[in-house]
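Hi,

Here is the structure I promised to pass on.

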Amino acid sequence: MPENKLYPPEGLSAPVPLTLSALRDAQSSGAVLEAAALRCDAALCLHFQFGSVTARMPREEVTAPWITGAGRDIAVLSRVGKPVCFTVTDLSADAKGAPLVTVSRRQAQEQAMDTMLENLRPGSVVAGRVVRMEPFGAFADIGRGIVALLPTEFISAARIRRPEQRFRTGQRILALVKAFDRGTRRV
């Protein structure tokens, strides 16, 4: 039923073993993978470990600027310990010959947003996962870390004051797309 099956919210993809061979295949096919970020370094790059394979996500590849704004460090720091979707952009070797992989969340998000803008219309139903709540509404990941606002007045047919009356963080939901702002790429 959901119309975003090709790009599920982060944390909802089936786990796959990320071997060097699987990473090579993903790079050649452009497949989107997912893993938890282990740490963030001083340059705000995220780091991953897949068995003996080390992966790095440069700061500029962690988020698409149209999602969080270019200068928000918290958008990078908040990904540590959480599932992060990504595409493999480079496979090389470090100074000792060990494999070093470069990955991009931004590419995965841009692919998902392009697909959304092309296929979803007002009235489309999407799967989501509640990621944050504010007094004015809930924010839900509707695919690959792309977050959409569910204003409090549209959360329930019954009148509620706060989104916590209907949702909890991490809850899976189905949502109806009310509108797109194609200029700002907001859902």
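Six strands make an open sheet, ordered β1-β5-β6-β4-β3-β2, with mixed pairing. Strands here are DSSP runs of E, at least two residues, and helices are runs of H or I, at least four residues, both numbered from the N terminus; two strands pair if DSSP finds at least two bridges between them. At the edges sit β1 (33-36) and β2 (39-40), each pairing on one side only.

This is a predicted model, so to speak of local features we need pLDDT of at least 70, and side-chain atom pairs count only at pLDDT 80 or more, while totals for chains, interfaces and linings use all residues. Residues are numbered from 1 along each chain as its sequence is written, and side-chain values use heavy atoms, leaving out hydrogens and water.

Back to the sheet: β5 (residues 83-93) and β6 (residues 99-104) run antiparallel over six bridges, and valine 88 stands opposite valine 103 in β6. Helix α4 (residues 105-119) packs on the sheet and touches β4, β5 and β6 (contact means heavy atoms within 4.5 Å).

Now the second largest pocket. By class, its lining has 14 nonpolar, no polar and one charged residues (Ala, Val, Leu, Ile, Met, Phe, Trp, Tyr, Cys and Pro count as nonpolar, Asp, Glu, Lys and Arg as charged, the others, Gly among them, as polar). Strand β9 gives the largest share of that lining, four residues.

Cheers

Definitions and conventions
Axes fitted to C-alpha atoms, helices over the stretch in contact; angles between N-to-C directions.
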